[in-house]
Amino acid sequence: MPDTGVRLQMTDITKRFGAVRAIRHADLTVHTGRVLALVGENGAGKSTLIKILSGAETSDSGSIEFEGAPVSISSTNEAMGLGIATVYQEPQLFAELTVSENIFTGREIRKGGRIDWTAQNERVVELLELLGLPARYATATVGDLSIAEQQQVSIAKALAGNAKILILDEPSAILTDAEIDVLFTVIRRLTTTGVSVIYISHRLDELFKIAHEVTVMRDGRTVGTYPIEDLSVRKVVELMVGGILTETHHERHIDPTATPRLELDGLGRAGDFHDVNVVVRPGEIVALYGLIGSGVSEIAATLYGIERADVGEIRLDGKRISPRSPGHAQRLGIALLPANRKLQGMFSFQSIAFNISAGHLPLLSKGNLWMDRGRERSVARDMIKRLAVKTPSERQAIGAMSGGNAQKVVLARQLVERPGLLVLAEPTQGVDVGAKEEIHKIITELADEGTAVLVVTSDLPEALRISDRLQVVRGGTTTVEFGRDATQVDVLAAAAGDVDNDPAAAPAAPGVSSTEGGQA
Amino acid sequence: MTTQIAPPAGGPGESREVSSRSRVLPSPITGQEIVLIGVIAVLWVILAFATPAFMTAGSIQPLLGAVAPIAVIGIGMTVIIITGGIDVSVGAIIMVCAVIVAKNLVSAGWSLPVALLVSIAVGGLLGLINGVLIAYGRVHAIIITFGTANIFQWLGLKIFNSTTVNSIPDTLATLGNGEQGRTWGVPHAFAITVILLAIAWWYLRHTAGGRHFFAIGGDAQAARLAGVRVQRRVLLAYLLTGLLAGLASCFIVAQGSNLGQNVGTGKELAVIAAVVIGGTSIMGGRGSVLGTLLGALLVQTVTSGVTQLGWPSQLSDLFVGVAIIVAVGTDLIRERARRARR
């Protein structure tokens, strides 16, 4: 650590939005050249606090001291002027412009009246080197880069203004494990040059790899700041939810002889996956776990009818099916929860009630002609209660709700009619710990009532927690299978493989049962 | 489908060397523009063979004269569409400016500079109204300009006072289609258009202000966070288009001695067609004024070609329609291909 003086101090910050007290009381201290993790459930006030620091919002009261002098930050330009740069979760980039242009938009290097492209480019190449990225990116069009690469560009953009404090808002949410490692390397490299980092994440295990201190927020207050050595994931979660979390991992009984509800038999699709074998029985929760790029999301897309398989069979209750579209899959009896709920799952401007009843219109209408508003309302209210959705009314627009609550509403749509088979893709991505817990509980309850559940996820703790059986997808195919006694290390090792760079090369590890064997 | 981060570049010295030699900017001419040049060239060759009269000055000069008002407004419209907006009121702006100029040429005996200045000022004022409403009212551009188009049209018809303006003196002949309107055979209106276009091209490509239009069209929120004065830029785009529509009105008045009440009608669609055919993305963030000039040229070539071949004039509408769909289609296909690659 080069210098660990206090660079920034936020004291007694408060902020209201109308009647909502987004921040009741927040203190934040950032040290030079250190990584401060900021954690809290969705709605705890993290984003608001960050917005105040980055100038996107102004606080109602409280003070900010930067490098020992009191400052007021009333615009993003002022924040940038101080050297406070923010990398938002969604890359804030211009797809049609080059990387170099993106980095310098708003602070172009000018020569005479025009932009000095050569000077900008040289500076960009330096930044790319600092981040360990190839120099040829400088003139690439951003829209042609992958999401992970775009995020690297966002960081380069933040650093171009000679940032002293770099705020990373959930940078890992959209990245694969390998990409996260690259990100951490970048962060470490930056801190050795004296940059302070504020790191926001829902993936708590990450904090132990990168953070020096952790500030926990709950209900609009900063609960406290702790050195990372004094914490464990469990301790952080307890601080976040303000109570003790009980690990519910009860043994569930599944009849191994029951007719499988869903069978994937030798399913394959050229270029994406091959020889995929999965069996889900009534009442059983099976997780398909794979790193991004393993083919796991393509398998889910096939079940959803977004893509078609080339070979093999999908059987539902023993009958061969081939979903042509998500609508068709649902008519066949597969309830679906898509991974990208913002794009595929919800009608943002519509009410909760609308979002729940969409897809069940025949059930909730009178003679298929007009909507039974009364029933729609009562079903919505019932669901809000059952899923503990935090909202003042069923008329609230879903777009205004936090990620966890919105996800619950989208899930609720699938539960109006108790489904025989529920397929979920990344059910708790971007969802806070408390809501995650509730969503897991709902899934388990459904399974207890006899629904067969297939969870496709890249969140390993989640896969381990809720599944009766866990199948690892690697190199485009189902490889090994784990039962309830599996550990994170085992599964991750199986998913990442022994041969690092060639995921398809290594066969299923010996000593673990093969796909059809089953340890359940 | 894999989203692997490429391994770090080799030695620092090595990579810097590569970059300083490689191109710093994207190509000055886009693929679509090259295709357009090709299509126009092919059409001209075909027309030259089919109707010998096509390749004569008497045919090309009016063609360029007709391209001028569309392309000159197209400069502004390109900027607007790059920011992700649209302006369907330019036809009505033309009507207001043209009728004011025509009437005063007749009754007040305005000189050319006065006519030009007033026309550009009136166009600018109407563009400013659009700009203020869109930039600060935060209502979608198509709604606002659809509304103002109707208001401007009412205003124009009011000034027309239900009569065609007749026997307009040839004060504006320097900008017209006659002998006085040409130097070395090139229509002045077209020359002015090309000069303004060159300035706009350079401005959009090489200045911070110009690049900010592209940033706004790419992601307005991100642009705001990057310190771009989004509202001011958006306002400027509509103001510019208004000013240019004022100039174009003088080109149009100069073309005849009568001005009917249908002046400007449908011009907004002709301009938007030229911009879209020129490769400017209707979704914003990408485009070029060079493409717009080519788009206007293509549309006009098709129109005159159809007339000179003696084909029914509706056919030119059909061809222009197909060209628009092809242009927008390529844009969408490109966008999808890009998504699929991720």
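**Exercise 1.** Determine what share of the contacts in chain A between residues at least 6 apart in sequence join residues at least 24 apart.

*Solution.* Two residues are in contact if their C-beta atoms, placed from the backbone, lie within 7 Å. Among the contacts in chain A that join residues at least 6 apart in sequence, 68% link residues at least 24 apart. The model is a predicted one, in which local features need pLDDT of at least 70 and side-chain atom pairs count only at pLDDT 80 or more, while totals for chains, interfaces and linings use all residues. Residues are numbered from 1 along each chain as its sequence is written, and chains are lettered from A and ligands numbered from 1 in the order in which they are written.

**Exercise 2.** Classify the packing of helix 4 of chain B against helix 11 of chain B, and name the residues that make the contact.

*Solution.* Helices are DSSP runs of H or I with at least four residues, numbered from the N terminus. Axes are lines fitted to C-alpha atoms over the stretch in contact, with angles from 0 to 180 degrees between N-to-C directions. For helix 4 (residues 90–107) and helix 11 (residues 267–277) of chain B, the angle is about 130 degrees and the axes are 6 Å apart. Helix 4 of chain B is therefore oblique to helix 11 of chain B, since angles under 35 degrees count as roughly parallel, over 145 as roughly antiparallel, 65 to 115 as roughly perpendicular and the rest as oblique. Val90(B), Gly91(B) and Ile94(B) of helix 4 of chain B meet Lys267(B), Glu268(B) and Val271(B) of helix 11 of chain B.

How values were computed:
Helix = DSSP H or I, 4+ residues; strand = E, 2+ residues; numbered from the N terminus.
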